[in-house]
Amino acid sequence: MEVETIIANARAATGLEDLGDPSQLEGLPVLVKASNEEARLSERGAAMWEQSITSYLSNRMKVVDYAKQHPELLEVSIDKPTFVFGLPRTGTTMTINLLSADPARRCYRRFEALDAMPPAAPDYKSDPRYLAELAKGEMAMKYMPQIAAIHWEDADSPSEDQYAMAQSFCSQIYDSQVNIPSYREWFFGADYVPAFRFQKQILQLLQQNVGGKWTLKNPWHPLFLDALTTVYPDAELVMTHRDPVEVVGSACSLLKAVRPIYTEDMKLGEIAECLLQTFDHMIARQNAFRDKHGEQAIFDIQYAAQIADPLGTMRALYDRFGTEFTADAQAGMQAMMDYNPQNKHGKHSYTLEEFGLSAKWVRDHFKDYTDRFSIPVKDV
């Protein structure tokens, strides 16, 4: 892959020229170099990977162009957005699904996360992007049901705002899908403020037709909370927690299901190394953020408590941020739970041992984390 070819193909696909702020593109050559040298892409995987990167750049160019056409939209504020994060597999999806059921909230929906411009109309069920994502979901359910059992999003489900970050090529999503340790190292040290600024522009543009209190989810935000609150100083921060023994095995299993899309030479030890290194950074950085701003700077949700009492957990969250928990919000959340029972798309099975780990090792490794947040853990 070559950066120049990717840019040329994105320009040809969109008919646009402007790539936007160059400071938001520093990760692109790093990503391409790491993909070429480290990812061990199959022939088919390489073509798909290059197309994926090109698509992110094409979507970025559409955002840049729409913002130039409608500069007034960039003057609209994003007030007190809610950001949900935490180690993956700790209940971030359940939390954002509950919050999205409140009709007063606005989430970053899957079909628009992958192709945001122009902003969708309130009645989007005939939007070609929505219909295309429906079709993709049907194909995924048919040919990759194991992934659906681990993590599933409907075409209009709230998605992860790392898809917005990916358009600035500063996103953990790349590191999850293929083995690119040099990109990971760059990512850990990157300035994330430019990526958040571009994300904010996307949200401002999407408000054109559908408003509401922005409520976003990205497990990886603990890596860059200082940058997040620089761009969104009044952000409401919510972190989910779960027994790391369950988290690590489940997260490794998800990457095990995804990476064969791009490579025929997957190494399970690399998956464990990638996630453990990332989790350690996430925990350390959110600890540092709390040490600087106080424990109350982030509202914590225990996975076990949320499973036991989802609505009670939501009431506590609303109380924490002074938001009215309306009857409409409660009714919407109950309907969402009725529609999405646990294991709806199949049961997720995995072991730590296949990744060269053990429950005792994981428990010992994350002991400081579980102790600090009083996370309920099982005997190992």
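Does Glu246 count as buried or exposed, and at what relative accessibility?

## A glutamate in helix H13

In this predicted model, Glu246 counts as buried because its relative accessibility is 17%, and the cut-off for that word is a value under 20%. Glu246 belongs to helix H13, which runs over residues 244-258. If residues up to four places away in sequence are left out of the count, the residues that Glu246 touches are Tyr350 and Lys378.

Within H17, the residues Ala329, Gly332, Met333, Met336 and Met337 are buried. These residues cover an arc of only 135° around the axis, and therefore they lie on the same side of H17. On the other side of the helix, Ala327, Asp328 and Asp338 are exposed. As for what the buried residues of H17 meet, they pack against helix H4 (92-100) and also against helix H16 (310-320).

The loop between H17 and helix H18 (359-365) contains Leu357. Although Leu357 is found in a loop, this residue counts as buried because its relative accessibility is 11%, which is again under 20%.

Leu357 touches Val248, Ala272, Leu276, Leu352 and Val362, when residues up to four places away in sequence are not counted. Leu357 can also be compared with Phe279, from which it is 78 residues apart in sequence, while the distance between the two in space, taken from C-alpha to C-alpha, is 15 Å.

## An enclosed space

Rolling a probe the size of a water molecule over the atoms shows where empty space is left. When the whole structure is searched, 1 cavity of 30 Å³ or more is found, and the volume of the largest cavity is about 60 Å³.

The lining of the largest cavity is made up of 13 residues, and those that lie nearest its centre are Ala39, Arg40, Asn179, Arg259 and Thr263.

Note on methods
Residues numbered from 1 in each chain as written. Predicted model: local features only at pLDDT ≥ 70, side-chain atom pairs only at ≥ 80, totals over all residues. Heavy atoms only, no water. 1 Å grid on protein atoms, 1.4 Å probe; cavity = no way out; pocket = protein on both sides within 12 Å on 5 of 7 lines; lining within 4 Å. Points joined across faces, edges and corners; volume = space filled by probe spheres on them. Helix = DSSP H or I, 4+ residues; strand = E, 2+ residues; numbered from the N terminus. Buried < 20%, exposed > 50% of the residue type's maximum accessible area, 1.4 Å probe, protein only. Contact = heavy atoms within 4.5 Å. Arc of directions from axis to C-beta.
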